[in-house]
Amino acid sequence: MRIRADSDARYADFLNLVKTTPALGDYAHRMWIRHQDALARAIAQDLGVTPDDPRSAALARFALETSALAQRADDPERAVDAAFDLLEHGWSAPAPRFGDGRD
């Protein structure tokens with residue numbers, strides 16, 4: 001689910017509170033990452049590998065951490081696109097062209 005902070009001023013205020021309060025930020029991160037095992041199992045099942053396959057856990061962790069990357073980025077959508085491009089194509093994939101000189 002993707003919610004834009006500018007869609008509701010109260011949500012933007014909430015996000016700012018979480019981002020500027022280390023204890024809340026740490027808690028939010030722990031609550032998000034707690035889904036890693038369930039996501040890893042779902043990935044393993046989808047790929048037809050054993051539930052303890054470390055690649056599934058790594059993929060789940062990477063996907064979940066993309067949220068934190070996006071929250072720190074100047075351009076969150078670009079950060080998410082870049083992260084999932086890596087997941088889909090690997091490191092050898094060419095960097096996406098955004099036409100702004102940042103690539």
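Q: Which pattern does the protein follow when read along the sequence?
A: The structure is a predicted model. Read along the sequence, the protein follows the pattern α-α-α-α-α. Its secondary structure comes to 5 helices and 0 strands.

Q: What percentage of the 103 residues of the protein count as buried?
A: A residue is called buried when its relative accessible area is under 20%. Of the 103 residues here, 17% count as buried.

Q: How is the packing of two helices described?
A: Two packed helices are described by the angle between their axes and by the distance between those axes. In this model, helix α1 (residues 9-20) and α2 pack at an angle of about 100°, and their axes are 5 Å apart. Angles of 65 to 115 degrees count as roughly perpendicular, and α1 and α2 are therefore roughly perpendicular to each other.

Q: At what angle do α2 and α4 pack, and how far apart are their axes?
A: The angle between α2 and α4 is about 150°, with the axes 10 Å apart. Since angles over 145 degrees count as roughly antiparallel, these two helices are roughly antiparallel to each other. Their crossing is right-handed. His29, Trp32 and Ile33 in α2 meet Arg61, Leu64, Glu65 and Ser67 in α4.

Q: Where is Arg34 placed, and how far is Arg34 from Arg61 in space?
A: Arg34 lies in the loop between α2 and α3. With a relative accessibility of 52%, Arg34 counts as exposed. Arg34 and Arg61 are 27 residues apart in sequence, and their C-alpha atoms are 9.9 Å apart in space.

Q: What span should the 12 residues of helix α3 have?
A: One may compare the expected length of a helix with the distance between its end C-alpha atoms. At 1.5 Å a residue, helix α3 (residues 36-47) should span 16 Å, and its end C-alpha atoms are 16 Å apart, which agrees. The helix is followed by Gly48, whose phi is positive, near 75°.

Q: Which residues of α3 are buried, and which exposed residues are carried by the face turned away from the buried side?
A: The buried residues of α3 are Gln36, Ala40, Ile43 and Ala44. They cover an arc of only 100° around the axis, which puts them on the same side of α3. The face turned away from that buried side carries the exposed residues Gln45 and Asp46. The buried residues of α3 pack against α2 (22-33) and α4.

Q: How many residues has α4, and which of its residues are buried?
A: Helix α4 has 19 residues and reaches 27 Å from its first C-alpha to its last, close to the 27 Å expected at 1.5 Å a residue. Its buried residues are Ser56, Ala60, Ala63, Leu64, Thr66, Ala68 and Ala70. The buried residues of α4 pack against α2, α3 and α5 (76-89).

Q: Is Ser56 buried or exposed, and which residues does Ser56 touch?
A: Ser56 is found in helix α4 (residues 54-72). Its relative accessibility is 1%, so Ser56 counts as buried. Leaving aside residues up to four places away in sequence, Ser56 touches Ala40, Ile43, Ala44 and Val49. Ala40, Ile43 and Ala44 are among the buried residues of α3.

Methods:
Residues numbered from 1 in each chain as written. Predicted model: local features only at pLDDT ≥ 70, side-chain atom pairs only at ≥ 80, totals over all residues. Heavy atoms only, no water. Helix = DSSP H or I, 4+ residues; strand = E, 2+ residues; numbered from the N terminus. Buried < 20%, exposed > 50% of the residue type's maximum accessible area, 1.4 Å probe, protein only. Contact = heavy atoms within 4.5 Å. Expected span 1.5 Å × (residues − 1). Arc of directions from axis to C-beta. Axes fitted to C-alpha atoms, helices over the stretch in contact; angles between N-to-C directions. Parallel < 35°, antiparallel > 145°, perpendicular 65-115°, else oblique. Left-handed = near helix turned anticlockwise from the far one by under 90°.
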